[in-house]
Amino acid sequence: IIGRRYPSKTARQYARTYYRWADATGLPRWAASNVLSRKRMHAELSEADHPAVRLLNQPSPPTSRFQLWSTVIMDRYLAGNAYILKYRQQSAVDGGRLVQLGEPQELQRLRPDRVRVVLDGERSAPGGYEYKIGSEKITIAVGDVMHFKTRNPIDEFYGMPPLMPLARRVDLDNWMNDFVRAFFQFGGQPG
């Protein structure tokens, strides 16, 4: 389930086992609190009067700096990729393309399972990102997305989740839990 693009299955499996949930949320919370809440860094970020620093301190109205970065760390940990949209002063969707002008006003997390890298045919490099919600696809310019990825020896455009080697073990654990539950539900008879 780790790193695959099955959002509903991933959410179900993620919530099924406490140990996976604790592991997947523990590291991002620990990393965000230790990295972002140190006194020196807090002083540097709160004293500087720069638009980028103000944006990092308050990424968007409902989201704190801690919430944003702990979610970015968790996305990288579970999916191998994390994406942040630099939402600008003037934004509109025109023909399936996000058109933005002006300075970034907010930082919005993009769910990794909904993002696809669109290649620039001439250079074989990222030419943009496609964000899919249901049947609607929105193309976003490369400069409007921050892409944080883990190392991946197989793919230069997507990161490999650190938990991917454990995915088979997670599947085996789920199958064993399903078998034991069915065993007891059907009174010791194969169900």
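## Second largest pocket

In this predicted model, helix α4 (51-57) and strand β2 each contribute at least two residues to the lining of the second largest pocket. Helix α4 gives the largest share of that lining, with 5 residues. The pocket holds about 270 Å³ of space. Its lining is made up of 13 residues, and those closest to the centre are P51, A52, L55, P104 and Q105. Sorted by class, the lining contains 7 nonpolar, 3 polar and 3 charged residues.

## Overall layout

The protein has 6 helices and 6 strands. Read from the N terminus, the elements follow the order α-α-α-α-α-β-β-β-β-β-β-α. Of the 191 residues in the protein, 32% are buried.

## Nonpolar cores

The largest nonpolar core has 13 residues, and the members that touch the most others are Y83, L110, V115, V117, Y129, I140 and V145. Five strands each supply at least two residues of this core: β1 (81-94), β2 (97-110), β3 (115-120), β4 (125-133) and β5 (136-141). A separate core of 7 residues lies apart from the largest one, and its members include L55, L68, V72 and L107.

## Helix α6

Helix α6 covers residues 167-185, 19 residues in total.

Which residues of α6 are buried? They are A167, V170, D171, D173 and N174. Viewed down the axis of α6, the buried residues fall within an arc of 160 degrees, so they line one face of the helix. In general, an α-helix has 3.6 residues a turn, so residues three or four places apart point the same way. The face of α6 turned away from the buried side carries the exposed residues R168, W175, F179 and F184.

After α6 comes G187, which has a positive phi, near 65 degrees.

Key
Residues are numbered from 1 along each chain as its sequence is written. This is a predicted model: local features need pLDDT of at least 70, side-chain atom pairs count only at pLDDT 80 or more; totals for chains, interfaces and linings use all residues. Side-chain values use heavy atoms; hydrogens and water are left out. A nonpolar core is a set of buried Ala, Val, Leu, Ile, Met, Phe, Trp, Tyr and Cys residues joined through side-chain atoms within 4.5 Å. Buried means under 20% relative accessible area, exposed over 50%, partly exposed in between (1.4 Å probe, protein chains only). Helices (H or I, at least four residues) and strands (E, at least two) are DSSP runs, numbered from the N terminus. On a 1 Å grid over the protein atoms alone, a cavity is a set of points where a 1.4 Å probe fits but cannot get out, and a pocket is an open set with protein on both sides within 12 Å along at least five of seven lines; lining residues have an atom within 4 Å of a point. Grid points are joined across faces, edges and corners, and a volume is the space filled by probe spheres set on the points. Ala, Val, Leu, Ile, Met, Phe, Trp, Tyr, Cys and Pro count as nonpolar, Asp, Glu, Lys and Arg as charged, and the others, Gly among them, as polar. The expected span of a helix is 1.5 Å times one less than its number of residues. The arc is that of the directions from the helix axis to the C-beta atoms.
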